[in-house]
Amino acid sequence: MIHKRSEGASKKMDCDDFPFLMIEPSAVHKRRFSAQVLNDPADTRTVDEAGLRQRLQKMRVSSLEKLETSLQNVSCLFKKGGSPALIYAASAYDACNIIKRACGNTQSICINKSAVITRELKTCLAAAGLNIIESYYTDLHHKNEEFTHYWQLPRIPITSIFNAFEGEPLKSPGARDGMKKRRDIVGVIGVSAISADDGSVVLIQHRQNIKKIIEECRSVFLVAGIDKVVPTKEEALFQAKCMACFGMTALLMDSGAGSEESASMEDYPLEIPYDKSKCRLSLILMDNGRREIMQSDFLPLMTCIGCRACMNQCPGSRFFDTSSALSPRELLFLQLTEGNMALDLCLQCNVCRTVCPVNIDLPGMILKLRILQKKYHVLNYFRDFLLSKMEEIEKTGSYFAPVANLFSRNKAVKKLAELFTGISCRRDIPFFRAPTFEKIFKDQVSGHGK
Amino acid sequence: MGNNKYRETPSHAALFAGCTINFIDPSIGLDSCAVLRHNAVEVSYPRQHCCGLPLRAYGYNKRLHEKAACNLKSLKEAGCDIIAPCTSCAYMLKEEYPSLLNELHGCDETECLATLDRTYDVMEYLAHLHEYGLLNTGFRTLDMSVIYHAPCHLKSLKNNLIDGRLRLLQMIPGLRLEWIDRGCCGMGGVFGMKKKNHSASISIGAELGRAINVLKPDLVITECHGCRMQIEHMTEVPGQQIRHPVSLLRLAYGL
């Protein structure tokens, strides 16, 4: 299943000696691949989900601790100027410049839907004036159905799909299709994991989009955040498999409505002859604020494997950003790296924390940032102070119940309250009750006692 | 709890009512007491303050710690299972208090953790009784259609607590119970009450509202007060038909 590199790590890599692994659903699963088949009760090769989560958490924490060593190992493995080339980008802006320089006449790039691409690079690439093709094939569409909410999907047990994903080495496109012509597009693909012991780069594809980009684009950039580098190949494969199965729901939802209409790769003819020296494959390791986060209180955010499970049930995700839905993890990451995100729109429902396979306390961190970065305006300060005093307000309301209730439904009072408290006048404040439960309870107990 | 050992003598539980039940909807507290007593659980009401969820949301940590310390002290003294009918209070006690412990003065961490470990949402407690075969299942027939909505703070508690309570409620003869999972109702405590969030709040809850309007149930049940307010705001179901599950149980017991 897995291509094993027998040569020593010091040997210079060549394009023919391709260290890339593709994680995909196995052929059987793929043939019948649909949301329903994923829920196949016949598949008995189940794994223990709690055990899986624990193993993943441990692995992520330890690989973050060893990150600097791993990064050094990786840069030794990929020698400068070799193929595939390793490029280090300090920021998204740097990475964009590198990609733009590689673009041909059409100034077009083809991207996949990895978070590192769509959330960090895409805006930058668009600003640089490049035409962006979103390669996302429609194979995952459930017949005649589009998923916009998690409850429309069948329940997908992670335990049974974990083993459906298998790794396979990517063949060198040059060696295989010798003279095949390429399209005048530069491919930009997000990577799931990189191993520091042999330089294996693991990509996940559920259908053929990634393979197609690698085979048909004139040059390809594989982009990874530095946190994707893990010490061993085994860990890299494990991390990618976890990402594939924990992220399945998010992926299926993403494949439904909401996928944007964009140009397709087919619009660009196969016209550029393959030339080994020009058709390059490069790996970009991007920092883009990650080291800074790792040195702050928000370090746990970097244990994220990028599965987007936190987005599935997030009520606010549709509102965090105007252009597309953001997962709470992406919201937090963008706030830490760029700022000015709508943190206020987190409802603090905490469901993301429960579903996260590595137990990141996302709502806790969002709350912390929200409080830290709030620029107080006197009225806001007053409003928050008031709303935090819920117990005291309700106590007072209950004490003056009949009068308070009379006022709370008065239109003029509601308008005034809207101004001071920010509570919408379209909402009805609940009626206060007197006597309080405490009083009733105590009377009851003493009544029983007599 | 749940052990037969406990049942030789009537078991004992302390009610953590929370602000909503105390000042806005005492009937839920009374329903909880009635149902628990009907199952031979003696209920007490220790001295208590707000769980501190709103204080936490706005970052007033000092006052949060004061209230938490007060609550922990009196709950520890009660020395029994703690039952919170409000899922948000249960969430705060079970999931957030443990992380506050190292910042609280004069709190023995292990003791406090042991106390918090015995915190249950009221339906969780009853579902446990049911699981161990200790629940009084002398329900009368209720011929009605009921929709259950699971609040987010219930979903964010560890372990899946939803199935247990659904199994319990299905014991009521004649009841046509349906759990409609349509995500969040959009209220999120004070979030939906705010003017600036009104449209977002309504749009988040739209699917839930639509589903309820289509099904036209006799009763909607959900544990969270915020969800009940939102459902009342969004749907044609009148307020008195949106209840806490424990109120439905009381109705079924005919108490």
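Reply: On the chain B side, 41 residues are in contact with 38 residues of chain A, where contact means C-beta atoms, placed from the backbone, within 7 Å. Bear in mind that this is a predicted model: local features need pLDDT of at least 70, side-chain atom pairs count only at pLDDT 80 or more, and totals for chains, interfaces and linings use all residues. Residues are numbered from 1 along each chain as its sequence is written, while chains are lettered from A and ligands numbered from 1 in the order in which they are written.

Several elements give two or more residues to that side of chain B, including H2, H3 and H11 (helices, H or I, are DSSP runs of at least four residues, strands, E, of at least two, numbered from the N terminus). H2(B) has the largest share, with five residues. By class, the touching side of chain B splits into 22 nonpolar, 11 polar and eight charged residues; Ala, Val, Leu, Ile, Met, Phe, Trp, Tyr, Cys and Pro count as nonpolar, Asp, Glu, Lys and Arg as charged, and the others, Gly among them, as polar.

H3(B), residues 26–38, also packs against H13(B), residues 245–253, at about 50 degrees with the axes 9 Å apart. Axes are lines fitted to C-alpha atoms, for helices over the stretch in contact, and angles run from 0 to 180 degrees between N-to-C directions. The two helices are therefore oblique to each other, as under 35 degrees is roughly parallel, over 145 roughly antiparallel, 65 to 115 roughly perpendicular and the rest oblique. Among the residues making the contact are B:Ile28, B:Val35 and B:His38 of H3(B) and B:Leu249 and B:Tyr253 of H13(B). The class tally for this contact is six nonpolar, four polar and two charged residues.

Now the sheet: it is open, with four strands in the order E2-E1-E3-E4 (chain B) and parallel pairing, a pair needing at least two DSSP bridges. E2(B) and E4(B) are the edges with a single partner strand each, so one side of each has no neighbour in the sheet. Neighbouring strands are turned by 35 degrees on average, direction ignored. Three bridges link E3(B) to E4(B), and B:Ala84 has B:Asp121 as its bridge partner in E4(B).

Finally, B:Ala127 sits in H8(B), residues 122–131. B:Ala127 is buried, with 23 other C-beta atoms within 10 Å (20 or more is buried, 12 or fewer exposed, in between partly exposed, C-beta atoms being placed from the backbone). From B:Ala127 to B:Gly164 is 37 residues in sequence but 5.5 Å in space, C-alpha to C-alpha.

Note on methods
Two residues are in contact if their C-beta atoms, placed from the backbone, lie within 7 Å.
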